[in-house]
Amino acid sequence: MEIDVDAVGDVIKRLRRAEGQIRGVIAMLESGRDCADVVTQLAAVSKALDRAGFKIIATGLRQCVTAQETGEDQKLDVAQLEKLFLSLA
């Protein structure tokens, strides 16, 4: 499965945002911030990473449906995509 160009750009933006959030969490830990604040930021990072993964899976599902409709050979089947989805859930 190849990720289409639009989805790649969106995923990269999400990952860069998560990268910044992780740097923020590290800084919070180094400065001795309250654990509730740190955990809140970690939850935000986790959500950003999940969204990036789900975007990739959604692209794959779209490709599978399109390939099925046009009779093309599918590079990934629905079972593989379901397994990927569940790995994020």
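In this predicted model, the side chain of Thr59 reaches the backbone oxygen of Lys55 at 3.0 Å. Thr59 sits in helix H2, which spans residues 35-70, and it counts as buried because its relative accessibility is 1%, under the 20% limit used for that class. Apart from neighbours within four places in sequence, Thr59 is in contact with Glu2, Ile3, Asp4 and Ala7.

Lys55, whose backbone oxygen receives that approach from Thr59, also forms a salt bridge with Asp10, with the closest N and O atoms 3.6 Å apart. Since Lys55 belongs to helix H2 and Asp10 to helix H1, the pair ties together parts that are 45 residues apart in sequence. Lys55 is partly exposed, at a relative accessible area of 27%, and Asp10 is likewise partly exposed, at 22%. Asp10 meets Arg14 in a further salt bridge of 3.2 Å, N to O, and these two residues lie four apart in helix H1, about one turn of the helix.

The structure holds four salt bridges, one of which joins the side chains of Glu19 and Arg23 at 3.8 Å, N to O. Because they are four residues apart in helix H1, Glu19 and Arg23 are separated by about one helical turn; Glu19 is partly exposed at 44%, whereas Arg23 counts as exposed at 51%.

Helix H1 also contains Ile12, which together with Ile3 and Val8 makes a nonpolar surface patch of about 190 Å².

As to confidence, the protein averages a pLDDT of 86, with the highest mean in H1, at 93, and the lowest in helix H3 (residues 78-88), at 81.

How values were computed. Residues numbered from 1 in each chain as written. Predicted model: local features only at pLDDT ≥ 70, side-chain atom pairs only at ≥ 80, totals over all residues. Heavy atoms only, no water. Patch = residues over 30% accessible without salt bridge, like charges linked within 9 Å, V, L, I, M, F, W, Y side chains within 5 Å. Areas by Shrake-Rupley, 256 points an atom, 1.4 Å probe, with all protein chains shown as cover. Buried < 20%, exposed > 50% of the residue type's maximum accessible area, 1.4 Å probe, protein only. Polar contact = N/O pair within 3.5 Å; in protein donor to acceptor, adjacent residues only side chain to side chain. Contact = heavy atoms within 4.5 Å. pLDDT = per-residue confidence, 0-100.
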